[in-house]
Amino acid sequence: MVVFTKNPVFSVLYLIITFFSIAGHYVLLNAQFLAAVHVIVYAGAIMVLFLYVIMLLNQNQDTEPHKSNMVKFAAVICAGLFMVVLVGSLKGTDQLLQGHPSPDSGYVKNLGKILFTEFLLPFEVASVLLLAAMVGAVMLGKSEKQSPKA
Amino acid sequence: MNPIPIQYYIFLSATLFSIGVLGVLYRRNAIIIFMCIELMLNAVNLLMVAFSNYLNDAGGQVFVIFIMTVAAAEVAVGLAILVLMFRNTHTTDINVLNRLKW
C-alpha cells in the first residue's frame, strides 16, 4: 500500500498504520517502553515531518512520471528474490533459541539500567549525532539569500 | 503464556524489508523512497526486538533505541536536502538528479 499508492499523502497515512501495527507487535513482545517510544517518534514526529514536507513541496497530487514496465518488472523480481533469500537464510534459526522470554525485560527500569551503565558512551554519541543532525538540517533548510553575507 | 514462534516474526520482518526494497526500486518520488527506507529500518527493529525477547537480552532493545535515533536524524537531514533539491529543480523526481554522472 505504501509503495503502490499514487498519492504521496495516502502513502504516508498507510505508513502510519504500518507503524502502529509494529508498535502493537512491540507490546506483544514485552517491549512496552519501546512501543511508546516508537509511537511518539515515528507516528508523532517523523510522519508529521513527512506530511509537512509533502504539503510544502505541493506534492499532494499525482504528478509523478512513472517508470517503464521493464523497470517495474525487474523491481518486483528483485524484491521477490531478495525475500526468498532472506527467508531461506533465516529459516534454521529456531533451533538456536531455547530461552523463554521474561515478562519484564522491556520495562523502563531494566532498559534504563542497561542504557546508562553498559551503553553509556553510545548514548552520549547518539545525543551528539542528534545535535549535529539538527544543526545540519537548519543549515540546509536556511534560505539561500543570507549565505553570501555571512 | 504461549509465545508466538519467532519464525512468524522472521517472516514478517523479511516481508516488510522486501516491501521496502521494492518501494526503493519501484518509485521515483524521493519522498516515497525515504518512507521505504524507514520501512526497512522498522523491519530490522522489529526483528531485533523479537530476538532480544526470545534470547532474554535487553541489549537488543537498547540498540533499537539507537537505530530510532539514527533514523530520526537521517530523516531530518534527508528531508532538508529534499527541500533544497526541490528549490533548485522544482521536482522530487530522482531521475532529474543525474547530473553527477558527467
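Predicted model: local features only at pLDDT ≥ 70, side-chain atom pairs only at ≥ 80, totals over all residues.
Colleague: What does the rest of chain B look like?

Modeller: Along the sequence chain B reads α-α-α, that is, three helices and zero strands. Of its 102 residues, 53% are buried. Among the contacts in chain B with a separation of 6 or more, 46% come from residues 24 or more positions apart.

Colleague: And how many helices and strands does chain A have?

Modeller: Chain A has five helices and zero strands, in the order α-α-α-α-α. It has 150 residues, and 21% of them count as buried. For contacts in chain A between residues at least 6 apart in sequence, 57% join residues at least 24 apart.

Colleague: Which residues of α2(A) are buried?

Modeller: They are A:L34, A:A35, A:H38, A:Y42, A:I46, A:F50, A:V53 and A:I54.

Colleague: How do I read the packing of two helices?

Modeller: Two packed helices are described by two values, the angle between their axes and the distance between those axes. In this model, α2(A) and α3(B), residues 59-89, pack at about 5° with axes 11 Å apart. An angle under 35 degrees counts as roughly parallel, so α2(A) is roughly parallel to α3(B). From α2(A), the contact includes A:L34, A:V37, A:V41 and A:A45, and from α3(B) it includes B:Q61, B:V64, B:I65 and B:M68. By class, the residues of this contact of α2(A) with α3(B) are 16 nonpolar, one polar and no charged.

Colleague: At what angle does α2(A) pack with α2(B)?

Modeller: The angle between α2(A) and α2(B), residues 30-54, is about 175°, and their axes are 12 Å apart. That makes α2(A) roughly antiparallel to α2(B). Here A:L34, A:I46, A:F50, A:V53 and A:I54 of α2(A) meet B:I31, B:M35, B:E38 and B:V49 of α2(B). This contact of α2(A) with α2(B) has eight nonpolar residues, no polar ones and one charged.

Colleague: Zooming out, how many residues of chain A are in contact with chain B?

Modeller: On the chain A side there are 63 residues, in contact with 58 residues of chain B. The elements of chain A that give two or more residues to this side are α1, α2, α3, α4 and α5. The residues on the side of chain A that touches chain B divide into 46 nonpolar, 13 polar and four charged.

Colleague: One last residue, please. Is A:L120 buried or exposed, and why?

Modeller: A:L120 counts as exposed because it has 11 C-beta neighbours inside 10 Å, and the cut-off for exposed is 12 or fewer. A:L120 lies in helix α5 of chain A. From A:L29, A:L120 is 91 residues away in sequence and 25 Å away in space, C-alpha to C-alpha.

How values were computed. Residues numbered from 1 in each chain as written. Chains lettered and ligands numbered in written order. Buried ≥ 20, exposed ≤ 12 C-beta atoms within 10 Å, placed from the backbone. Helix = DSSP H or I, 4+ residues; strand = E, 2+ residues; numbered from the N terminus. Axes fitted to C-alpha atoms, helices over the stretch in contact; angles between N-to-C directions. Parallel < 35°, antiparallel > 145°, perpendicular 65-115°, else oblique. Contact = placed C-beta atoms within 7 Å. Nonpolar A, V, L, I, M, F, W, Y, C, P; charged D, E, K, R; others polar.
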